[in-house]
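Welcome! Take a look at the sequence and the model below, and then let's walk through them together with a few questions and answers.

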Amino acid sequence: MRLDEKRWDLLNKRSTVKQVVLASQREDVEIYLVGGAVRDLFLGKSSKDLDFLCLDQGEKIARRVCGILGEGASLSIHKNFGTAQIAFRDQILEFVDARKESYSPDSRKPVVEKGTLLEDQSRRDFTCNTMAISLNSHNYAQLIDPFNGLGDIQEKLLKTPRSPSATFSDDPLRMMRAIRFACQLDFQIDPPTLAGIREQVHRIRIVSQERITEELNRIMASQTPSQGFKLLDSTGLLSIILPEISALHGQEWRGKHTHKNNFYHTLQVLDNASAMSDNLWLRWAALLHDVAKPQTKRYDKRVGWTFHGHEDMGARMVPSIFKRFRLPRQEGKYVAKLVRFHLRPIALAKEDITHSAIRRLLFELGDDIKDLMKLCRADITSENSRRVERYLDNFDRVERRMAEVEEQDRLQNFQPPITGDVIMEALRLPPSREVGRIKDAIREAILAGTISNTEEEAYALMLQLGGKKQEFKPKIKK
């Protein structure tokens, strides 16, 4: 099959492809465009990363292309992986020689040998990624598709070119990649391929945590991440890589009382948050907001099932989960903060709530207050439309009250107007617990509304707490 005119034009408009063709002709090397760029071409998507398969001398071709592209092109040679990579403008061009691979049972790192085009295509993960487009003069723009990758793209199916069991046993990360592709491309995983994942699920334990985390984050970043988590769960992968979320499964009846299935509730919250924001860490907060419910689950004859304190325990669980997944510590603090406070705005919706409670939430959340409110709205998963409307109205009221208090008291990103240095100088105190006590007392007075958030009133209270009688000094900062 030859590319149609539309795709032919799209391929030819890429100046880098033209330079690759020119370089391969000068070196008389057979070369093909392969992998995700070919798949995306048939999905109508653009791809900045282009992979080129050479039947020989891939590194030499890469050096020639880099020279043709000139200024702005940088070349990296990766001898261990047998690849050469060019970064040029917003594109990455990768060159590799055709190869065949074999694996040992305890490693996903292959033993590589020189191979043919067909052998290279057969070693790839899914049929949609096995297609190649010839860049050679005798059959330019010809699609080489021995595993019917194009047909599977049209059917929106993920299949392996070889036996699924062998494919996933050789490289278990492909199980995560299958689920990630299903999310990103909105494909279904072919039933035999899905069965192969279930058969080889235990092999995921030989994959490094960093690679698992990378694929999980890509699933989280997809348009509908719940699709991926349902597949992770049904294949058994979730119970291995993130058992805390798998443990949310199930409902329990006792008398007339039951509770929602917190696993499916969590996935709905995750999708809701994803519809509001591309922020990966807000999505992580949505995933983990109820993570401690299994540990805090109790039955009360009067009210039924309760999960008291799950927000605090969940926040304490976040750092260890982030550490295990090699995720950034600072972002873990943000996620833990949202988990800890995700129930607070519900309480603030009461008519008789004090301004002091609003002040404290603004003080605790700072710039993250908007993300907390997104999480709270995402947490509404009731099928009762009146209940949903009531909760949304309550959150609207809370946000209006927060805006009023913030305008009045300037508490977002609050820093006490009196520093420890000022306290020590004015009261002639050495660094000590007494300085911290006075500073905390000033902060609490501001949050309680006893004094306003001004330097003058804070200074006066400091003097009172320190047993001093002096006039306010307008310029106390050095």
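## A friendly tour in questions

Q: Is Arg89 buried or exposed?
A: This is a predicted model, so the answer comes from its computed surface. The relative accessibility of Arg89 is 72%. Exposed means over 50%, so Arg89 counts as exposed.

Q: What is the phi of Arg89?
A: Arg89 sits in the loop between β4 and β5. Most residues other than glycine have a negative phi. Arg89 has a positive value without being a glycine, with phi near 55°.

Q: Is Ala141 buried or exposed?
A: Ala141 is found in the loop between β8 and β9, and its phi is positive too, near 70°. Its relative accessibility is 0%. Buried means under 20%, so Ala141 counts as buried.

Q: Which strands are the edge strands of the open sheet?
A: Seven strands build this open sheet, with mixed pairing, in the order β3-β4-β5-β2-β1-β8-β9. An edge strand pairs on one side only.

Q: What is the bridge partner of Leu33 in β2?
A: Strands β1 (residues 31–34) and β2 (residues 49–54) run antiparallel and are joined by four bridges. Across from Leu33, the bridge partner in β2 is Phe52.

Q: What angle does the direction of helix α3 make with that of β1?
A: Helix α3 (residues 36–43) packs on the sheet, where it touches β1, β2, β8 and β9. Its direction and that of β1 make an angle of about 60°.

Q: At what angle to β3 does helix α4 run?
A: Helix α4 covers residues 58–69. It lies across β1, β2, β3, β4 (83–88) and β5 (91–97). Relative to β3, helix α4 runs at about 165°.

Q: How do the rings of Phe126 and Phe181 pair: stacked or edge-to-face?
A: The structure holds seven aromatic pairs, and this is one of them. The two ring centres are 6.0 Å apart and the planes are at 85°. Planes over 60 degrees apart count as edge-to-face, so the pair of Phe126 and Phe181 is edge-to-face.

Q: How many residues apart in sequence are the parts that the pair of Phe126 and Phe181 ties together?
A: Phe126 belongs to the loop between α5 (117–122) and β8 (132–134), while Phe181 belongs to helix α8 (residues 173–185). Phe126 counts as buried at 0% relative accessibility, and Phe181 counts as buried at 4%. The parts tied together by this pair are 55 residues apart.

Q: Which four residues form one aromatic cluster?
A: Start with Trp281 and Phe322, whose ring centres are 5.9 Å apart with planes at 45°, so the pair is tilted. Trp281 is in helix α15 (residues 280–288) and Phe322 in helix α17 (residues 310–324), and both are buried. The cluster is made up of Trp281, Trp284, Phe322 and Phe325.

Q: How far from the ring centre of Phe307 is the charged end of Lys293?
A: Arg180 lies over the face of Phe181, at 4.6 Å from the ring centre. The charged end of Lys293 likewise sits over the ring of Phe307, and its distance from the centre is 4.8 Å.

Methods: Residues are numbered from 1 along each chain as its sequence is written. This is a predicted model: local features need pLDDT of at least 70, side-chain atom pairs count only at pLDDT 80 or more; totals for chains, interfaces and linings use all residues. Side-chain values use heavy atoms; hydrogens and water are left out. Rings of Phe, Tyr and Trp (its six-membered ring) pair if their centres lie within 6.5 Å; planes under 30 degrees apart count as stacked, over 60 as edge-to-face and the rest as tilted. Helices (H or I, at least four residues) and strands (E, at least two) are DSSP runs, numbered from the N terminus. Buried means under 20% relative accessible area, exposed over 50%, partly exposed in between (1.4 Å probe, protein chains only). A charge sits over a ring if NZ of Lys or CZ of Arg is within 6 Å of the ring centre and within 35 degrees of the ring normal. Two strands pair if DSSP finds at least two bridges between them. Contact means heavy atoms within 4.5 Å. Axes are lines fitted to C-alpha atoms, for helices over the stretch in contact, and angles run from 0 to 180 degrees between N-to-C directions.
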